[in-house]
Amino acid sequence: GHLLLLGHNPGLPDLVAELASAASQRWPKGKLPTIVVLSETPFEMGSVGLSAKLRKRMRVIARTGSPSEESSLKRADFTRASVILVLSSRSRRGPGPSDLHVLKTLSALRNRLTQDAPRVVLDLSYPPNARLIPSLAGSLQTESLSSLELTGRLLCQCLRHPGISQAYRQLLSDSIGQSILLHPCPPHVRGQTLGRLRQDIRGGILIGLVRQGQAALMSWEQVLVGSDELVVIAANLSDVRFEADVADPQSFGVSPIQVRKDILRILAVGWNESLLSLARELSHYRKERFHLTVMASLSEEQTSSLRDALGENGEFALVARHLRNHEELKHLPEGDFDRILLLAGEHPDPAVSDAETALRYALLLERDSRFVVELHEESNAPLFGDSPDVLTTDQVINHMLAQVALKPSFRDLYEELFTYGGCELHLLRLAELLPGTSLTVSSWRQLSLTLFERGFLALGVEELRLHLNPPDDLEFAVNPLTRVLILTTPRN
C-alpha cells in the first residue's frame, strides 16, 4: 500500500521528505512505499528535497483534485493505501477553516471506505476539534495530532529548560543529527531486564520500550518480551548493536533535581493560538510559579481565555501593543524578564512571518533575557545566531506526523517525552548534576555510568554544540560549567 497525503499546506514538501526518511529508517533495504499527494493546489515535485539514493527507492506522485470528491480519491487509489494522512492548511491555525477541511475530508472517507480501510492520521490545528472525530470517523481507525497543542507543549519546555531546543531540533528531525527510533527486540535479549540491556547496547542510547502501543521510558526492571520494541536514540537502526557486558547491572539512582522556587517571568511577543496551549501546559506545573506578560493586541475573549488557561499558579499581564519599532518598547513594564518568547505570526507567507519575528528580535536584543524563538522555516534560524532557543514548529510537527503515520505507537511515545507527567529532558551543568565533582577529563561512557547511578540518563554533552549519543570512547575536558542533556523522572 502507498502513503496517501490529502490536502496542502506550505510545509508539504518538508512532510514528504520526512515521510521518505522515516520509511527508509523502517525499511533500510529495497523499494519503499510510494507517496501520493492529492490536493486542489498543484504540488511541485521539484520542491521536495530527496537525496538521489532515496529517489531511486521511492516514487512521489502528485494528483490535482478535491480530497472530498470520490472521483479525485479514486484517481489516488485511496482504498489501497496503507495509511491516509489528512492535512490542515496551517495558514491561520485555530478553530476556523484550517480544521474544517480536515473534518470534511474525514467524513467523505467514512462514507467511501469499507471495513478493511487504511488507517487515517489527521493533522488538526485546534485541539477541541478532536472531540468531533468519533462521530465523523465511524468505524475508521484514526489517530490525530494537534499542531497547536504540540507547539504549546514544546515551547513550554523551552521556557522551563533553557537550551533544550537544541535537543528538539535533532530528535524531531531526520535531517539533523540523531533520531528517536524503534528497534525490534532481538531474540537473544528476551527475558533480560531493560536495565541489563542498557549496558549491552552500542551505537545508540536505550531509553525505554514500547509494549502493545504503550511507551514505558526508563522502566529498568521491565523484563523484555518478543513483541517489545526498544526506544533508542541513534543516527540509524543499522548503527545499533548489542555486546554482552560482564559487569553487574547498575542501579538507577534517585534524581536530586529540585523544583524551581522563584517566579519565572516570561514576556511573550505576538500572538497565535499555540499561546493558549502553552498557558495550559504551564498550569499543570502546580509547584512552579509563572508571570506571563503578553505584548499583542488581543480581544477580550482571547485575554479571558489566556487568564483561564494559565490557572491559579500563574499571573498575567497584557501590553496591548504591536511591537514594530523602538517607540513601542516604552510600553513594556520596568524590570527584566527571565525569558522572552517570540511567537511565529499568522501571516499566510511563512517568509513574511519569520521576517517580522527577526525585527522583534532586533528590537529586544538589549534586554538581558534568554530568548525562545518560534519560526516557520528552518533556513531562517541563522538570523538569530547561536544564543536563542529556536524551534521550527512546522518542521517538528511534520516529523511527528510522519512517524505516527508509519508507527502509531510514536503518538504515545511523544506524549511521554514532551508533556507534563512524563519523563523530562534537561540540559544542566555538571555542577548541578554532580556537586563537588573532581572530574577533569572523562570518556562519554564513564560520565554516563556515573550519572546513571545518580538518577540521570545521559543523552549528550554540549561542547561548542550539543553532541547527542557520542561514541563511548569520546574524551572531553570536564568542568563544572559543562552541560549534559539528561532524561530523568519528573519532580512536579
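## Close-up views of a predicted model

View 1. When its neighbours within four places in sequence are left aside, His161 is in contact with Glu424, Leu425 and His426. With one of these residues, His426, the side chain of His161 also makes a polar contact of 3.5 Å.

**View 2. Trp271 in the loop between β13 and α9.** The loop that holds Trp271 lies between strand β13 and helix α9 (274-283), and Trp271 counts as buried because its relative accessibility is 16%. Once the neighbours within four places in sequence are set aside, the residues in contact with Trp271 are Leu276, Ala296, Leu298, Gln302, Leu306, Leu343, Ala344 and Glu346. Ser297 stands 26 residues from Trp271 along the chain, and the C-alpha atoms of these two residues are separated by 8.2 Å.

**View 3. Helix α12, its capped end and its buried residues.** Helix α12 covers residues 350-364, a run of 15 residues, and from its first C-alpha to its last it reaches 21 Å, close to the 21 Å expected at 1.5 Å a residue. The N-terminal end of α12 is capped by Asp349, which has a side-chain oxygen 3.0 Å from the backbone nitrogen of Ala351. Within the helix, the buried residues are Pro350, Ser353, Asp354, Thr357, Arg360, Tyr361, Leu363 and Leu364. In a helix of this kind, residues three or four places apart point the same way, because an α-helix has 3.6 residues a turn. The elements against which the buried residues of α12 pack are strand β13 (263-269), helix α11 (326-329), strand β16 (339-342) and strand β17 (370-375).

**View 4. The packing of helix α1 against helix α13.** Two packed helices are described by the angle between their axes and the distance between the axes. Helix α1 (residues 12-26) and helix α13 (residues 393-406) pack at an angle of about 40°, and their axes are 9 Å apart; the two helices are therefore oblique to each other. The crossing in which α1 passes α13 is right-handed. On the α1 side, the residues that meet α13 are Asp14, Leu15, Glu18, Leu19, Ala22, Ala23 and Arg26. Their partners in α13 are Asp394, Gln395, Asn398, His399, Leu401, Ala402, Gln403, Ala405 and Leu406.

Notes. Residues are numbered from 1 along each chain as its sequence is written. This is a predicted model: local features need pLDDT of at least 70, side-chain atom pairs count only at pLDDT 80 or more; totals for chains, interfaces and linings use all residues. Side-chain values use heavy atoms; hydrogens and water are left out. Helices (H or I, at least four residues) and strands (E, at least two) are DSSP runs, numbered from the N terminus. The expected span of a helix is 1.5 Å times one less than its number of residues. Buried means under 20% relative accessible area, exposed over 50%, partly exposed in between (1.4 Å probe, protein chains only). Contact means heavy atoms within 4.5 Å. A polar contact is a pair of N or O atoms within 3.5 Å; within protein, one must be able to donate a hydrogen and the other to accept it, and residues adjacent in sequence count only if both atoms are side-chain atoms. Axes are lines fitted to C-alpha atoms, for helices over the stretch in contact, and angles run from 0 to 180 degrees between N-to-C directions. Angles under 35 degrees count as roughly parallel, over 145 as roughly antiparallel, 65 to 115 as roughly perpendicular and the rest as oblique. A crossing is left-handed if the near helix is turned anticlockwise from the far one by less than a right angle, and right-handed if clockwise.
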